[in-house]
Amino acid sequence: MDPTLSILTALLKPLTSVAQDTWSQKEEYKLLKHLSHERISRELFWNIECIRRYRDDIKNISYIDLIRTQAFDGLVESEIPLDYLFDREVNPEFCDAEPYNSAQFKNNIQGIANVSELVDRTYNRLWMLKHRKEKSLPLGDIDYLLNLAVFTFLHATLVRRNSQKERQTPKNLITGFSYLTKKILTKD
């Protein structure tokens with residue numbers, strides 16, 4: 001068993017006897033949620049870099065082999081619903097930032113209400129990308145996957161950081177979202 005999964009499972013055990021509505025008050029839940037966001041954020045950032053490098057050099061398909069899903073797989077195996085760990089709503093104002101303001105991107109994420117659904121959609125796309133590469137199939141819309149991964153990463157990261165700084169205004173958060181999107185998607 002993955003050592004990190006063991007830690008998540010140990011944190012989960014005291015919560016199993018507690019009603020769902022009181023979970024958010026437990027320190028174990030807060031720690032589990034924080035660790036989950038940290039692991040997914042790190043893994044998504046790595047995957048964004050792999051996809052971005054592949055997109056910039058499509059002849060070097062080996063970047064797709066570097067994509068990781070262990071953090072997500074561990075959360076799925078931990079038997080706690082992603083909706084509890086990534087329970088925040090998707091901020092519709094973030095779709096005002098480029099490249100998320102395109103009609104195509106908005107249409108693709110239509111119906112996604114919370115961050116757990118973004119995480120799930122992103123990882124389903126990552127799994128499909130790896131499968132298509134293994135089977136020598138067309139890889140699909142790499143730009144959409146990259147934008148979706150960045151959008152999900154920023155939701156998971158900025159929302160987590162914002163919860164620690166309650167004085168952040170929505171406008172500051174959107175400005176930060178736009179700035180980080182450009183910084184992540186820009187070549188180095």
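Me: As which does Arg-55 count: buried, partly exposed or exposed?
Reply: The relative accessibility of Arg-55 is 29%. Buried means under 20% relative accessible area and exposed over 50%, with partly exposed in between (1.4 Å probe, protein chains only). Arg-55 therefore counts as partly exposed.

Me: Which residue meets the side chain of Arg-55 in a salt bridge at 3.5 Å?
Reply: This is a predicted model, in which local features need pLDDT of at least 70, side-chain atom pairs count only at pLDDT 80 or more, and totals for chains, interfaces and linings use all residues. Residues are numbered from 1 along each chain as its sequence is written, and side-chain values use heavy atoms, with hydrogens and water left out. A salt bridge is a side-chain nitrogen of Lys or Arg within 4 Å of a carboxyl oxygen of Asp or Glu. At 3.5 Å, N to O, the partner of Arg-55 is Asp-56.

Me: Which residues do salt bridges with shared partners join into one network?
Reply: Asp-56, at 33% relative accessibility, is partly exposed, and its side chain pairs with that of Arg-55. Through shared partners, the network consists of Glu-49, Arg-52, Arg-53, Arg-55, Asp-56 and Asp-143.

Me: How many salt bridges does the structure hold?
Reply: Side chains of opposite charge can pair when their charged atoms come close. One of the bridges joins Glu-38 to Arg-42 (3.0 Å, N to O). The total for the structure is 8.

Me: How many residues apart do Glu-38 and Arg-42 lie?
Reply: Arg-42 is exposed, with a relative accessible area of 56%. Helix α3 holds both Glu-38 and Arg-42, about one turn of the helix apart. In residues, their separation is 4.

Me: How many residues apart are Asp-87 and Lys-33?
Reply: Asp-87 is partly exposed, at a relative accessible area of 39%. Its side chain forms a salt bridge with that of Lys-33 (2.6 Å, N to O). The pair links distant parts of the chain, with Asp-87 in the loop between α6 (82-85) and α7 (103-108) and Lys-33 in helix α3, and their separation in residues is 54.

Me: How are α3 and α8 oriented to each other?
Reply: Helices α3 (residues 27-56) and α8 (residues 115-134) pack at an angle of about 40°, with axes 12 Å apart. Axes are lines fitted to C-alpha atoms, for helices over the stretch in contact, and angles run from 0 to 180 degrees between N-to-C directions. Angles under 35 degrees count as roughly parallel, over 145 as roughly antiparallel, 65 to 115 as roughly perpendicular and the rest as oblique. The orientation of α3 to α8 is therefore oblique.

Me: How many nonpolar residues does the contact of α3 with α8 have?
Reply: Contact means heavy atoms within 4.5 Å. Ile-40, Glu-43, Leu-44, Asn-47 and Ile-51 of α3 meet Val-119, Thr-122, Tyr-123 and Leu-126 of α8. Ala, Val, Leu, Ile, Met, Phe, Trp, Tyr, Cys and Pro count as nonpolar, Asp, Glu, Lys and Arg as charged, and the others, Gly among them, as polar. Beside 2 polar and 1 charged residues, the number of nonpolar residues is 6.

Me: How many helices does the protein chain have?
Reply: Helices (H or I, at least four residues) and strands (E, at least two) are DSSP runs, numbered from the N terminus. The chain has 0 strands. Its number of helices is 10.
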